[in-house]
Amino acid sequence: MATQSKTIFEQFLAPVFERLLDRDAMVQFRDSIDWETATTALTNPQVDYPEYYLTNNFHGIKNGYLTVDAAVTYDPITQYVLPPSETWVRESLVKAIQGTPRRILDLGCGTGTTTLMLKKRFSSAEVIGLDLSPHMLVVADHKAREANLDITCRHGNAMETGFPEGSFDVVCATLLFHETPPQVTKAILRESFRLLSPWGQVLILDGNQKTLRNADWLSNIFEEPFIREYSQGNMDAWLGHAGFETVRTEDVFWVNQLSYGRKPLPVKHTVPQARIWESQSESYGGGIAAPQPA
Ligand SMILES: C[S@@+](CC[C@H](N)C(=O)[O-])C[C@H]1O[C@@H](n2cnc3c(N)ncnc32)[C@H](O)[C@@H]1O
């Protein structure tokens, strides 16, 4: 595992994780995959990587998510950073989905842990996980095959997915936005709004912005380049700005939060009475008297 030298992550967290992690299991998993073939199969050559994605290290992993190291270590580490338990935290999002969606998109799906849970819960839905990292998608795809779950892993940028407008009932993202600059976050929320059908649901599970603001040390220990900007922001406001209604955010334990919103139904265009009479007069062609208002 290549970690950035002399970072707080390396000095304090890496030694802890070294003890907790099963290094042999990770090496065995890494060696069981032909990464070149697998990443090539999942790579869309049309995808352009945004600058923030290429020029930053995320939580201490050198060269970010476009590496085998990042993909192999992600799940073993993540199980320890979502108290009280990873499954409980992720389930908060899955359980908050209302009704029976037919099409679900998981943005920044990474190794697909939430994506798989969505498919298990909504087995008749088409579930798509989208991520910028083919390496992370290789793990997601591997896990889906192992679990015999039919999910689609799509290489793409959540800011501009290429999916048609209004084509999803649910768009969600888990642990994505503490790693994106605010401008990118806003662009992804605008894209989520575009992708949803009327009354479709958006669900965002991520670090608790209030807690992070009040406990700056949390932002210090994880090597996350945009976590401070994320914690200074307000997900409700960002969702409202993107056009969502019935927006609310709830604490998930104290470390995470779940935000929820709906795309409004289309507004019925009410034509003012005067205009109705005007247009009726025109269509009556002048020869026949138009009906007059009572
Ligand atoms: C912290 S991981 C979260 C992964 C997964 N959602 C989870 O809950 O474990 C963030 C993921 O977002 C992806 N990502 C970052 N920016 C993205 C973008 N603009 N479009 C798509 N994926 C992005 C990264 O490649 C990475 O896999």
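Student: Is Ser167 buried, exposed or partly exposed?

Tutor: Ser167 counts as partly exposed, because it has 17 C-beta neighbours inside 10 Å. A residue is buried if 20 or more other C-beta atoms lie within 10 Å of its own, exposed if 12 or fewer, and partly exposed in between, with C-beta atoms placed from the backbone. Keep in mind that this is a predicted model: local features need pLDDT of at least 70, side-chain atom pairs count only at pLDDT 80 or more, and totals for chains, interfaces and linings use all residues. Residues are numbered from 1 along each chain as its sequence is written.

Student: Where does Ser167 sit?

Tutor: Ser167 is in the loop between strand E3 (151-155) and strand E4 (168-174). Helices (H or I, at least four residues) and strands (E, at least two) are DSSP runs, numbered from the N terminus.

Student: Which residues is Ser167 in contact with?

Tutor: Arg103 and Leu195, leaving aside neighbours within four places in sequence. Two residues are in contact if their C-beta atoms, placed from the backbone, lie within 7 Å. Ser167 and Leu105 are 62 residues apart in sequence, yet their C-alpha atoms are 9.6 Å apart in space.

Student: Let's zoom out. How many helices and strands does the protein have?

Tutor: It has 14 helices and 7 strands. Of the 294 residues, 37% are buried. Take the contacts between residues at least 6 apart in sequence: 72% of them join residues at least 24 apart.

Student: What about the largest nonpolar core? How many residues does it have?

Tutor: The largest nonpolar core has 58 residues. Such a core is a set of buried Ala, Val, Leu, Ile, Met, Phe, Trp, Tyr and Cys residues joined through C-beta atoms within 7 Å. Leu105, Leu107, Val171 and Leu203 have the most contacts inside it. The largest share of this core, 6 residues, comes from H8.

Student: Which residues does Leu107 touch?

Tutor: Leu130, Ala158, Val171, Ala173, Leu176 and Ile188. That list does not count residues up to four places away in sequence.

Student: You mentioned H8. At what angle do H5 and H8 pack?

Tutor: At about 40°, with their axes 8 Å apart. Here H5 covers residues 68-78 and H8 covers residues 134-146. That angle makes H5 oblique to H8. Axes are lines fitted to C-alpha atoms, for helices over the stretch in contact, and angles run from 0 to 180 degrees between N-to-C directions. Angles under 35 degrees count as roughly parallel, over 145 as roughly antiparallel, 65 to 115 as roughly perpendicular and the rest as oblique.

Student: Which residues of H5 and H8 make the contact?

Tutor: Val68, Ala70, Ala71 and Tyr74 of H5, and His135, Met136, Val138 and Val139 of H8. By class, the contact of H5 with H8 has 7 nonpolar, 1 polar and no charged residues. Ala, Val, Leu, Ile, Met, Phe, Trp, Tyr, Cys and Pro count as nonpolar, Asp, Glu, Lys and Arg as charged, and the others, Gly among them, as polar.

Student: And H6 with H7? At what angle do they cross?

Tutor: Roughly 45°, and their axes come within 10 Å. That makes H6 oblique to H7. Arg90, Glu91, Leu93 and Val94 of H6 meet Thr113, Thr114, Met117, Leu118 and Arg121 of H7. By class, this contact has 4 nonpolar, 2 polar and 3 charged residues.

Student: New topic. Is Cys109 buried or exposed?

Tutor: Buried, because 29 other C-beta atoms lie within 10 Å. Cys109 is in the loop between strand E1 (103-107) and helix H7 (113-121). Beyond four places in sequence, Cys109 touches Thr114, Thr115, Gly129, Leu130, Asp131 and Ala140.
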